[in-house]
Amino acid sequence: MPIETTAAVLRAFGRPLAIEPVTLRDPGPGEVLVRMVAAGVCHSDVGQADGEWEFPLPAVLGHEGAALIEALGPGVAGLEAGQAVVLSLAPGCGACAHCVTGRPIRCQRALRAMTNGELVTGASPLRGAGGPIAAYSLLACFAGHAVVAAQSAVPLPPGVPAEIAALIGCAVLTGFGAAVETLHVAAGTRGAVIGLGGVGMSALQAALVCGAEVAGFDPQSERRSRAEALGAGTAIDPDSEGVEDLIKKAPEEGFDWSIVTVGNAPAMRMGIDLTRPGGKIAIVGLMPENVPVPVDFLDLVTYEKVILGSAYGSVSPEVLIPRIVSLYLSGALPLGELVSARFKLDQINEAFAASREARGIRAVLDISSAGPSNLAITSDLPAYHPGP
Ligand SMILES: [Zn+2]
Ligand SMILES: [Zn+2]
């Protein structure tokens, strides 16, 4: 029986999302029906709503979620109803060279489905007033329920609050993976993290766990203060004069590595320019479509810098998520520090405004009101140290 649920629907780029009733088809072979409990608002959701990339409309956005399994489609093994899961936007097809070598984010079949607003397992499960609705990032989790590929449901051990589980699904995975998997950040190295939103703050935490010394860069003073409270050696306003100085000194004293989490050209160039000869730069931020970034290839060659793209943690979420969860449960990754505001699903446009204005670190939607849940949103905001 198809189920009725509520979703935040994007009907036109640049317009607010509308809370509408939608219908989800039954989970097909290799799919599961989940009840959403929490979803983070990622900058990609906001960029997509603003039309930075092509996407079929109408659409339900949301790709960073925690949920409970409600029903299994035919042939699904290893999951059961009631189980708490982190949603992954990299289910992969399971059969191509990328998938079998543990890099499902590179799967071209999944990428095509993502681009078309479908699931890797079949058509978009969503319908609303006027016909089909596209599913964003193979998930569409700004809704009471979702039908996703079973490979998108990564089991979550007990003890992780829903809002943190949600953030692990994109921000944490992406930032952590950039530091640990793409750059293999080593103890004793010095690195720069450009942009201190959810992804940047996660990269910073991961690099600190690796034993690196980290400088954070962000125009927002409250983000810089929080980065310093988390252990960043220094946090710098990218617009301050000191940055020019750091760039001048980079050939001798530049950073060993940098992670750029912001999708704009000045941030990308800053990450490259701050890095020492032979250093590595991981680019995580998504540029808008068809916007080139000028790179000084003379410097690239003469300084032997290495620029690497890093998507969604690079390695399989099934591998990375359990590692992140165990570091969180051990206290090594204080992921609660990433949550700076909570909203209900029907306040989603306010949450988008907070993200658009880079207020706080990460806004999380509490969708748990849909019914009883064993995956609770924690009741108090974590300690927060606003800047001057
Ligand atoms: Zn994201
Ligand atoms: Zn594949």
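Author: A residue is called buried when its relative accessible area is under 20%, exposed when that area is over 50%, and partly exposed in between, with a 1.4 Å probe and protein chains only. By that scale Lys344 is partly exposed, since its relative accessible area is 33%, whereas Asp366 is buried, with a value of 13%. This is a predicted model, in which local features need pLDDT of at least 70 and side-chain atom pairs count only at pLDDT 80 or more, while totals for chains, interfaces and linings use all residues. Residues are numbered from 1 along each chain as its sequence is written, and side-chain values use heavy atoms, with hydrogens and water left out.

Lys344 and Asp366 form a salt bridge (a side-chain nitrogen of Lys or Arg within 4 Å of a carboxyl oxygen of Asp or Glu), and their closest N and O atoms are 3.1 Å apart. Because Lys344 lies in strand E17 (residues 339-344) and Asp366 in strand E18 (residues 362-366), the pair ties together parts that are 22 residues apart in sequence; strands here are DSSP runs of at least two residues, numbered from the N terminus.

The structure holds 13 salt bridges, and another of them joins Arg276 to Asp256, with 2.6 Å between the closest N and O atoms. This pair links distant parts of the chain, as Arg276 belongs to strand E15 (residues 275-283) and Asp256 to strand E14 (residues 255-260), 20 residues apart. Arg276 is partly exposed, at a relative accessible area of 29%. In a further salt bridge, the side chains of Asp218 and Arg223 meet at 3.2 Å, N to O, and both Asp218 and Arg223 are buried.

Technical notes: Chains are lettered from A and ligands numbered from 1 in the order in which they are written. Helices (H or I, at least four residues) and strands (E, at least two) are DSSP runs, numbered from the N terminus.
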